[in-house]
Amino acid sequence: MATGGWPTGSAAGEPPADVDPAEGRLIERSRHGDLDAFDRLVAAHQDRVYHAAYRITGNADDAHDAAQETFVKAFRALPRYRHEAAFATWLHRIAVNAALDIVRRRPQVPPVSLEDVVLPASAHNPDREAERREVQQRVHLALQQLSPDHRVIIVLRDLQGMAYEEIAAVLRIPLGTVRSRLSRARDALRRVLHDLAPGEPLEEG
């Protein structure tokens with residue numbers, strides 16, 4: 001598919017009732033070439049798209065390229081977007097494909113640290129913050145040792161917090177496959193994390 005596998009629809013349709021009206025208006029304006037409206041959509045979704053791409057690709061440069069490609073492809077495909085999936089789901093499908101394309105094209109390289117990713121602040125406790133960052137660093141490095149399919153499903157479920165149904169829509173796989181693949185991916189991640197720090201269990205999100 002020239003548009004990377006996102007839904008296109010066959011007839012013009014109105015946004016479903018559960019679409020945020022403000023976002024729906026931005027989408028419709030963007031579909032007709034309004035760059036200012038599309039810039040506002042980018043601003044609303046760019047952090048989650050970038051962070052998903054970062055976790056999948058493992059480094060900032062590739063994540064930046066994947067995010068940029070995502071929004072370019074999305075803008076070009078918007079005239080064919082018919083709300084069969086939520087806009088965020090549709091956008092994540094493009095982002096996952098863009099990130100995986102980069103992973104598959106490049107030679108295997110060692111993962112880098114999380115230092116160039118802006119992480120949300122949590123408790124105002126320096127010890128807890130340091131511990132949180134250490135755990136995230138270990139998980140990030142461990143993710144790069146998983147297969148791309150396992151890495152993606154861990155990112156979408158445990159790091160991005162997507163529902164199983166949304167993951168099924170993003171990856172276009174049956175719900176049962178989401179559950180079984182996630183279970184295998186978590187097992188694989190536990191094994192890697194156990195090797196890095198024996199005796200520490202994986203905290204699932």
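What percentage of the 205 residues of the protein chain count as buried? In this predicted model, 45% of the residues of the protein chain are buried, where buried means under 20% relative accessible area, exposed over 50% and partly exposed in between (1.4 Å probe, protein chains only). Residues are numbered from 1 along each chain as its sequence is written, and the side-chain values rest on heavy atoms, with hydrogens and water left out. Local features need pLDDT of at least 70 and side-chain atom pairs count only at pLDDT 80 or more, whereas totals for chains, interfaces and linings use all residues.

The secondary structure consists of eight helices and zero strands; helices (H or I, at least four residues) and strands (E, at least two) are DSSP runs, numbered from the N terminus. Along the sequence, the protein chain has the pattern α-α-α-α-α-α-α-α. A contact is defined by heavy atoms within 4.5 Å. Among contacts in the protein chain between residues at least 6 apart in sequence, 68% join residues at least 24 apart.

Two packed helices are described by the angle between their axes and the distance between the axes. Axes are lines fitted to C-alpha atoms, for helices over the stretch in contact, and angles run from 0 to 180 degrees between N-to-C directions. Helices H1 and H2 pack at an angle of about 130 degrees, and their axes are 8 Å apart. The two helices, H1 and H2, are therefore oblique to each other; angles under 35 degrees count as roughly parallel, over 145 as roughly antiparallel, 65 to 115 as roughly perpendicular and the rest as oblique. The crossing of H1 with H2 is left-handed. A crossing is left-handed if the near helix is turned anticlockwise from the far one by less than a right angle, and right-handed if clockwise. On the H1 side, Glu23, Leu26, Ile27, Arg29 and Ser30 meet Asp36, Ala37, Phe38, Arg40, Leu41 and His45 of H2. By class, the contact of H1 with H2 has five nonpolar, two polar and four charged residues. Here Ala, Val, Leu, Ile, Met, Phe, Trp, Tyr, Cys and Pro count as nonpolar, Asp, Glu, Lys and Arg as charged, and the others, Gly among them, as polar.

His32 is located in the loop between H1 (21–31) and H2. This residue, His32, is exposed, with a relative accessible area of 67%. A polar atom of the His32 side chain lies 2.8 Å from the backbone oxygen of Glu28.

The residues of the contact of H2 with H3 divide into 14 nonpolar, five polar and one charged.

Asn97 lies in helix H4 (residues 87–105) and is partly exposed, with a relative accessible area of 30%. The C-alpha atoms of Asn97 and Val170, 73 residues apart along the chain, are separated by 9.7 Å.

In helix H6 (residues 148–159), the residue His150 counts as buried at 18% relative accessibility. Leaving aside residues up to four places away in sequence, His150 touches Arg181, Arg184, Ala185 and Ala188. Other buried residues of H6 include Arg151, Val152, Ile153 and Asp158. Just after H6, Gly161 has a positive phi of about 75 degrees.

Helices H6 and H7 (residues 164–171) pack at an angle of about 140 degrees, with their axes 10 Å apart. That makes H6 oblique to H7, and the crossing of H6 and H7 is right-handed. Val152, Ile153, Leu156 and Arg157 of H6 meet Tyr164, Ile167, Val170 and Leu171 of H7. The residues of this contact of H6 with H7 divide into seven nonpolar, no polar and one charged.

Arg172 lies in the loop between H7 and helix H8 (175–196) and is partly exposed, with a relative accessible area of 45%. Most residues other than glycine have a negative phi, and most peptide bonds are trans. Arg172, although not a glycine, has a positive phi of about 55 degrees.

Definitions and conventions: Polar contact = N/O pair within 3.5 Å; in protein donor to acceptor, adjacent residues only side chain to side chain.
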